[in-house]
Amino acid sequence: ALVGAFIGIAAPTASAGEGTITDIVAMSGGEFDNNKRDYDILLNAVITADLADVLADPDAELTVFAPNDAAFYRLAKDLGYKGGFDEATVWGFLVDALTDLGGGDPVPVLTDILLYHVAPGIVRPIDLIFSTFFYRPIETALPGATFQPFFLRLIDNDPDLRDPFVTFPFNIRASNGRIHTISRVLIPIDLP
């Protein structure tokens, strides 16, 4: 089971390319610590959606666009959250919002959102630039769903919410792919 969070602002202790994405996730803790730059909320989301094995597949080549805790806080604020930055409270608010969107079950909606953050293959920062010039959308693990890079901005499928940017740390290498931190959560649908 995962007990760590996605890589925080500090570099992981393993060398670049050591371990799968899940291995790297497990290296950095996991408690709600109110550090906006780490990935405690994403960790809880991955565990809840039962996607740790997908990110641990040693035969896969994946790129994960990883929202940090500040990104999830921004999403909660966009959805009406009025409180301050508290990871546990933000996570609870988002679960409630996903439960409403999912007709009583948050997991299918959460799974779709998380799969929308995973791209098959290696997507390097330079690939995002080329995709901008040639208007090539990034295919995701969510069937039929793409997002369009505009340099380091990622244009998702909700026209009303602000789009994320790739931010530090990015291009973190794992044995089965890459991780890029993003400033907001990618949304695969136009939310009501």
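**Close-up views of a predicted model**

**View 1. Lys36 over the ring of Phe85.** The charged end of Lys36 lies 5.2 Å from the centre of the Phe85 ring and sits over it, a term that requires NZ of Lys or CZ of Arg within 6 Å of the ring centre and within 35 degrees of the ring normal. This is a predicted model in which local features need pLDDT of at least 70 and side-chain atom pairs count only at pLDDT 80 or more, while totals for chains, interfaces and linings use all residues. Residues are numbered from 1 along each chain as its sequence is written, and side-chain values use heavy atoms, with hydrogens and water left out.

**View 2. The aromatic cluster of Tyr73, Tyr81, Phe85 and Phe93.** Rings of Phe, Tyr and Trp (its six-membered ring) pair if their centres lie within 6.5 Å, with planes under 30 degrees apart counted as stacked, over 60 as edge-to-face and the rest as tilted. The structure holds seven aromatic pairs; among them, Tyr73 and Tyr81 are edge-to-face at 6.2 Å centre to centre, with 80° between the planes. Tyr73 and Phe85 also pair edge-to-face, at 5.4 Å centre to centre and 80° between the planes. Tyr73 is in helix α4 (residues 69-78) and Phe85 in the loop between α4 and α5 (87-101), so this pair ties together parts twelve residues apart in sequence; helices (H or I) are DSSP runs of at least four residues and strands (E) of at least two, numbered from the N terminus.

**View 3. Tyr135 in its loop.** Tyr135, between α7 (125-133) and β3 (138-139), is exposed at 61% relative accessible area, where buried means under 20%, exposed over 50% and partly exposed in between (1.4 Å probe, protein chains only).
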